[in-house]
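Good morning, and thank you for the time on today's agenda.

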Amino acid sequence: MKVKFGRSLAVAITIGTGLLVLANFFVRNEYLRRVQQTLLDWAMILAAVALLLGALNVIATHLRKIRGRQPGWVYSLFLLAALGTVVLLGFSDPRGVASPAVSWVFLYVHVPLQATIFALTAFFIASAAYRAFRVRSVDSFIMLVAGVIVLLGQVPLGQAIWDRIAAAKDWILTYPSTAGARGIILGVALGTILTGLRVLLGIDRPHVK
Amino acid sequence: MIYCPNCGTANRDGSSFCNQCGQRLGGGSKAICPFCGAENPIENIFCDACGAKLAPLVTRGAEGKEKPGLKGLSLPTKPTEEEEPAPLGEKAGPPQEPTGAAGEEEEIPDWLARLRASLGETAEPEREASEEMPEEVPDWLRDLGAPPVEEPEEPVAPAPEEFAAAAAGGAEEMPEEVPDWLRDLGAPPVEEPEEPVAPAPEEFAAAAAGGAEEMPEEVPDWLRDLGAPPVEEPEEPVAPAPEEAPPEAEAEAPATGVPALLGGEPPAPAEEPLAAWLQEEGPVILELSEEEMAGEEAGPAPASAPQVPAWLETLASGAAVLPEELGPVLGAPGKPTPEEAGLERAAIPSWLEVLRPGRKREEGEEAPAEEPAETEGVLEGVRGALRLVPAIDPGPDQFVRAVSAAATVTPAHAETLTQVLARPTAASVRPRAVRIPRRERGLPWLAFLLLLAAVLIPVLAPGLVPGGGQVPVAKPAEDFAAQIQNLAPGARVLFSFDYDPSVSTELDWPVREVLDDLKPRGAVLLVMSTTPTGPGLAARMGLGNTATLLGYLPGQEMGLQRLATSFSGAFLVDYQGKQVDETALGVQSLGDVALIITAASSQDTVRWWVEQVGSQTHTPICAIVSGAIEPSVRPYYSSGQLAGLVSGWVGGLAYRRAASPDAPMSAQDMAAMEAQSLGHLAVVVLIVLGNLAYWGKRLFGGRS
C-alpha cells in the first residue's frame, strides 16, 4: 500500500508538472510562466548534476579496472591521472575552466586529438566506398548516382566537370532528400507526442520503476 | 452365425460346438445382462437385447452356480431421471398420493413388474403394471408380466401362449427373434425344478438386510436407495420390500428375469462348466495381477483403484480370501498352484513383454509421486488433470520405440555432442583476424595514397585542380548573409557554439566567416553553448570586446526552453565567472535578440532550437552545420524555420562570396578548396573502382 501510494504520488507529480509546462505553450499567464521557469531551472540543475554523476561513474569504473588489474588497466590509470590533473588545474584558478592552463589543455590536447580521430573517418569512408558501394540493383544504382552528384556538387571541381552539377545537387537535397528527412522528422514528432501523452496520462511510468 | 467365444471362429447357426476348437457354443460361458437377464456371448460388452453394459460379468461355471459380479467393477451408469428405474425402496413404500401408484408404475421396468407378479402382489398394481407397460413391448412380453393366476404353484413366470406352444411342439416353432433364455423360459423347468437360485452377492444381500449404511462404497446412490428400508412408510401397498423378505425366501424366489445383482435370478440357461481356456487362463491372470499389485504396493493407488475390489487389492499379499464364486476361475481352495503341480512358470518372451501395458518397476525404484491437486483455477481440487511428467509410466513398448528410433541418430548426435564439448571455451578462443583477399590487400594503401595526394597536390601545385577557384552558389548561404546584412548596428545576436572539437576543423572556418562579418556591423554578440566544450571553442575565436561569452547552458532542449521562457536567470555567471547583468546586456528575453545563430554538429541540436526557441519567439534562426547533417537540417530551411543555412567548408566560402562578392580568395582558401575537391574525387574514384571490380568478377568469373 505504501509503495502504491508512492507510485501514485510520483505519477501525480509527473502529470501535474507536465501539464503546467504544457499549458504555458497555450496560455499566456505570468503565474504559469514563473512556475514553468522554476521547474525548468530544477531540470537544468538536475542535468548538471547528472553530468557530475557521469564523471563520478567514469572514475569508479576505471578505479575498479585498476584494482582488478583488468586488461588495459594502464590506460585507465592515465585517464584518471589526466582527469585529476585538469580538475586540479581548474580548481587552482578562480577563473575555472577559463583559466589559461585549462584552456591550453583544451586547445592543444583535447581539440586536436578529437579532430584527428574524426579525420580518420576519411580513410574508412574511402575504403567503404570501394567495398560497400556496389551496384547490385536499380535502387543501388540510383543511390550511387545521387551520391556521386552530391559529392561532386559540393566542390568546385564538380562545377568544372559539369556546370549544372551544383543545381542538380541542390535539387536532390531540396526535394528527394528533404522529403525523406521530413518524413523521418514527422515520425519523430508523432512519436514524441504519443510518448508525451502516455507519460502525462500515466500509461507509461518509466520514472517510477 | 455363432462366433466361438474361445477362438472367434464363425460357426453355423445352431451349432453346439465350435468346429475349430470344439468349444461348447450357445450354452457355455454366458454373460447375463443385469437388466434384462438376456444371455450374451461372453465376449460381449453390451447386451444384445437391451444394450446395457455387461461390465459385471456373470458367468455360470461348471457347478451351475451363478457367479456374481465382481465387487467394485463398474456398474451401469446411473440413468437419467426419466430412465432411472424406481428404487426398490420407493416402490416398496407407499405412494405419495393414493392415485400416484399408477403413475409410479410407469417408471417400473418390466422385469420389476414381473418380480411383483411373481411375489404375489395385489391384483390392482399388477393390472396397473400390465396396463402401464409401454406400447412397444410385444404382447408376449406384456403377458410375461401378468400374474401367474392360472399356475400359482409354478415358480417361474408363465410362458406366453406361443412359448407354451413351442414347448409342446418343439423349439423350432418358436419365433426367431426370441432369445435363447426365453426359449428356455418357455420350456418347462423340468431339469432343475428345485435348483435354488444363486444368492445375491454378499454385499447386496447384506445391504438389503442391514440398510444402506452397510452398502459397499462403490454402490451408486440410486442402488443404495434401492436397498434402503422404507422406515418412514411401513404401510406398503405394493410389493414387499426386499429387506422384509428373508434371504432364504429371496433365494427361493422364482426366476423372473430380475438381474442377478438384485438377488433375482434370470432365466436359467443350461448350466455349463467354465470354458476350459478360461480355467487355464486363471493362473495366468493371477500371475499378472500379482505383478501389478506388487508394483502398486510401492506407490499410491492409481486412478482406477476405487473400482478394484478389496479382496483383489490384497490378493498379492495373500491376505485375501477369494470368493467362492471365483474359485473355478482363480483357483479353487485347495487346488495346487502351478508350481506345486510341477508346472514350470513360463517366461514371457521379450516380444510379448513389449505389449504389456505399463512398465514393471524394478526393486527399489521409487514410485511416481501422487498427482498434486490443482489449487486454483477451474481445475481447483482436480487431481491429475495436468499430469506431471515423472508420473507418467511409459509402457515398455515406448522404450523399445525410443531405442529403435535413437539407433539411427544417436551415433551422429553423440559424435556432435563430443565435438561440441571438445571445443575450447569462449575464454580460450582467440578471434581470428579477418583474411582480406590478396587482390584487396593493397586497398587501404590505395585509399591512403589517394587521400594523401588530395591534400598534398593543392599545396605543392596550387591551381592545378580545374575550377579550384570557383565557389559554388548556395542560396541558403546567401539567405544567411542577407540576415547578417539586415542587422542594425548594436543589434543583439545570440551565437551558440553547439559543436564538438571533432568537427571543429570543418565548422571553424564558416564560423569565422560569419563572425568576421558580424564584427564590423556593430552587433553585440551573446555567445553561449549547449555542449560543455562549446565555450572553449568559442573562446579561441577572438570574439572581441563586444561579445559576452555566457558559457554552457545545461539541459539541452530543456535549457533552450528555459532560455525561451526568460533570458533572465538562465545564465547567472559568464564563462569568466563574472555575474551576468541582463540589464547591461540589454536582453531580458529572446525577443530582444535580433538574430540567433547556432553552429551545430548534430541535427538534434538544430531541431531543439527550432522546436523550443523558434516556436516561442519570432527571432530568426540561422544555422551553421557540418556537411554530413545538411540533408537532415535542410527541411527546416525549406520550411522557413531556418532563415539561413551554411554547410561546412564550402558553405563558408559560399557565405563569403554572398557577403563580400568582391573579396579576393586567399591562397590558403584556394588550397583548401582544391584539397577538398580532390578528396571528393578520390572517393568517387574508389566507388567506381569498386564497382568495376565487382562487375568484372561477376562477368568474367573473378579474372578481374
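The term to have in mind at the outset is pLDDT, the predictor's confidence in each residue, on a scale from 0 to 100. What you see is a predicted model, and its overall scores are an ipTM of 0.87 and a pTM of 0.53.

Let me turn to confidence along chain B. Among its elements, strand β9(B), residues 621-625, has the highest mean pLDDT, 97, while helix α1(B), residues 88-92, has the lowest, 40. Chain B averages 67, and 46% of its residues score at least 70. Two stretches call for attention. Over residues 56-106 of chain B, pLDDT stays under 50, and the model has 119 contacts there beyond four places in sequence. Over residues 203-216 of chain B, pLDDT again stays under 50, with 29 such contacts.

Of its 704 residues, 36% count as buried. Among contacts in chain B with a separation of 6 or more, 60% are between residues 24 or more positions apart.

Which residues touch the most other members of the largest nonpolar core? They are Val493(B), Val527(B), Ile597(B), Ile621(B), Ala623(B), Ile624(B) and Leu642(B), in a core of 97 residues. Helix α25(B), residues 667-700, supplies the largest share of this core, 9 residues. A second, separate core has 6 residues, including Ile32(B) and Cys33(B). Returning to Leu642(B), its partners, leaving aside residues up to four places away in sequence, are Val610(B), Ile621(B), Cys622(B), Ala623(B), Tyr636(B) and Tyr637(B).

Next, a helix pair. Helix α20(B), residues 557-565, packs against helix α22(B), residues 603-614, at an angle of about 35°, with the axes 8 Å apart. Their crossing is right-handed. From α20(B), Glu557(B), Leu560(B), Gln561(B), Leu563(B) and Ala564(B) meet Trp608(B), Trp609(B), Gln612(B) and Val613(B) of α22(B). By class, this contact has 6 nonpolar, 2 polar and 1 charged residues.

Finally, the contact between the chains. How many residues does each chain contribute? Chain A gives 53 and chain B gives 56. On the side of chain A that touches chain B, the elements giving two or more residues include α2(A), α4(A) and α9(A). The largest share, 10 residues, comes from α2(A). By class, that side of chain A divides into 35 nonpolar, 12 polar and 6 charged residues.

Terms used:
Residues are numbered from 1 along each chain as its sequence is written. Chains are lettered from A and ligands numbered from 1 in the order in which they are written. This is a predicted model: local features need pLDDT of at least 70, side-chain atom pairs count only at pLDDT 80 or more; totals for chains, interfaces and linings use all residues. Axes are lines fitted to C-alpha atoms, for helices over the stretch in contact, and angles run from 0 to 180 degrees between N-to-C directions. Helices (H or I, at least four residues) and strands (E, at least two) are DSSP runs, numbered from the N terminus. A crossing is left-handed if the near helix is turned anticlockwise from the far one by less than a right angle, and right-handed if clockwise. Two residues are in contact if their C-beta atoms, placed from the backbone, lie within 7 Å. Ala, Val, Leu, Ile, Met, Phe, Trp, Tyr, Cys and Pro count as nonpolar, Asp, Glu, Lys and Arg as charged, and the others, Gly among them, as polar. A nonpolar core is a set of buried Ala, Val, Leu, Ile, Met, Phe, Trp, Tyr and Cys residues joined through C-beta atoms within 7 Å. A residue is buried if 20 or more other C-beta atoms lie within 10 Å of its own, exposed if 12 or fewer, and partly exposed in between; C-beta atoms are placed from the backbone.
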